[in-house]
Amino acid sequence: MIPQISVRYLNHSHFNCYASLINKLSLLSRTCSSASDNALKLNYINGQRCHVADEAEERFKIREPATNKLIGNLSSSGPKTVNDGVKSALSAFPEWSAQTSIDRGRALLRISKLLRQRNEEIARLEVRDTGKPISEARCDVESAAECFEYFGGIAATLSGQHFEFANGSFAYTKREPLGVCVGIGAWNFPIQIVSWKTAPALACGNTIVYKPSQMTPMSSSLLGDIITEAGLPLGCYNVVQGGSQTGRLLCEHPSVAKVSFTGSVPVGKKIMSYCSSGVKHSTIELGGKSPLIVFPDSDIDNAVSGTLMANFLSQGQVCSNAARVYIHDSIIDDFVTRLMERTKKMIIGDPFKQETQVGALISEEHYHRVKAYIDQAVTEGARIRCGGERVVFDNSELAGGFYMSPCVLDSCHDDMTIVKEEVFGPVVSILSFKDEEEVLERANNTVFGLSAGVFTKDIQRAHRVIAKLQAGSCWINNYNIYPTGFPFGGYKESGIGRENCAQTLNHYSQLKTVYVEMGDVDCPF
Ligand code: NAD
């Protein structure tokens, strides 16, 4: 039995507005019954939306997390469709890669502008697909616009080096595009993930085929409309929808030069093995189980704010979340009391409403997965201090959605399953520690290494602790902020490569070295 909290829901008027927007976009009908006649036209090939040409075996139902209502059916792209997408990207490559980097940069700036102009429309699609609060979705779209702006701005910095040798001979290097890149994304930040892959790929002169998660297919197709409107050669950006079968076909396609993947560790390992057959470049952005350490000299309210940021954005479905929060035992009672007070005040509800802070989990299945982790934690000795329950909105369209009140667990210890595995939900585990050395060892005792954070007013301790934490993206006295340009990526099993930064250009280009002889060949034969 799932304990249920009933919350009165007042109105859901945006719902109808949203339906008309969707219809206007000709994406789908609200009550689709069969995949064959109502399959969504969400592939994007050669500058236009299209249906899949041949279907892979996998079929998906797309549901709106806020209501759990069926939006439609998604056909997955089979070998012919995947090949069409790759061929489209291949045919656009000569023209796009021949443009000057300044011109490519300018085109990316036009994409950025259009993303900003259509922020509200895209944010609404994201809410519809993900169930996250509209206030967060608007930030996601703005961050996508900034990403294109950033890579548009630095496209022309792609350059090489010069090396001098004997007799005036020299060598130079230049960075060249890789060719056709594939992007495969997770469902939690759809517009941001597609932008983090597409903008640097295009900046370097590559073309791209993108496969979003089968759970959140909408915004990447809309990005196709925007890229075409921005005037890029048709075929520079393509979308093929589908699940694991489509993803594998893309990775193993012989004309694909690189795969950039965002998702779970087990799938990331498969992607690396698919890439190995063609010795393909790969960027791998995976999950985490990140630690946040709060020392007793911290400003406790500030550290509580950091803990909320580290755990409850997007219903806790954030890869870099610090779901393991280590609190010094001298402040743990005070800290947990203040954390509970603020957690209980979070506004759970209709994700389309501006004031909502906690929307719906991505699916019923995911809700039960998160709930099972909480139940197991309790049997292993954890104490629920608040939340972790299904929130049901009676008499409203939201009644079918899977909403969970944000959960604070204390009395946790390092051996619990919930402390070791990625839960990807609104659950924070509080653990106590006594000294710095001990907590560092415990924080690093994981296969993951995506992120980490520390709260302290002692500047030397802050840097000493961060230097010893095995994580790619770290914060001191804050958490989960990624301004554009902030390199993001993991250590250990959390991934390879960095996104959102200048370094990313190196991952989407290859280095050519040219030796120039200024004398005669000094041949020993
Ligand atoms: P997932 O690994 O199940 O799926 C990710 C993508 O891979 C989807 O598009 C899916 O269709 C595709 N896929 C699945 N199996 C495949 C296969 N065999 N071959 C090719 N493609 C395949 O992850 P998810 O459930 O969509 O997302 C949640 C995970 O993503 C979490 O682990 C989270 O931590 C991680 N994530 C990481 C980052 C990051 O930047 N490090 C960002 C967001 C999410």
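The model is a predicted one, where local features need pLDDT of at least 70 and side-chain atom pairs count only at pLDDT 80 or more, while totals for chains, interfaces and linings use all residues. Residues are numbered from 1 along each chain as its sequence is written, and side-chain values use heavy atoms, with hydrogens and water left out.

Domain 1 puts 25 residues into the contact and domain 2 puts in 29 residues, with contact meaning heavy atoms within 4.5 Å. Between them the domains bury about 2100 Å², 58% of it on carbon and sulfur atoms; buried area here is the accessible area (1.4 Å probe) lost when two parts are put together, summed over both. On the domain 1 side, Ala 66, Pro 133 and Trp 187 lose the most area to domain 2, together 22% of what that side buries. One salt bridge is counted between domain 1 and domain 2, the term covering a side-chain nitrogen of Lys or Arg within 4 Å of a carboxyl oxygen of Asp or Glu. Lys 69 and Glu 397 also come together through their side chains in a salt bridge, at 2.3 Å from N to O.

Now to the sheets. Strands (E, at least two residues) and helices (H or I, at least four) are DSSP runs numbered from the N terminus, and two strands pair if DSSP finds at least two bridges between them. Seven strands make up an open, mixed sheet in the order β15-β18-β19-β14-β13-β20-β21. Three bridges hold β15 antiparallel to β18 (residues 407-410), and Cys 386 stands opposite Val 408 of β18. Helix α13 (residues 364-379) packs on this sheet, touching β15, β18 and β19 (427-433), and its direction makes about 25 degrees with that of β18; such angles run from 0 to 180 degrees between N-to-C directions, with axes fitted to C-alpha atoms, for helices over the stretch in contact.

Another open sheet has three strands, ordered β6-β7-β23 and antiparallel in its pairing. Here β6 (162-164) and β23 (509-516) are the edge strands, each pairing on one side only. Neighbouring strands of this sheet are turned by 20 degrees against each other on average, direction ignored. Strand β7 (residues 170-177) runs antiparallel to β23, joined by eight bridges, and Pro 177 has Ser 509 as its bridge partner in β23.
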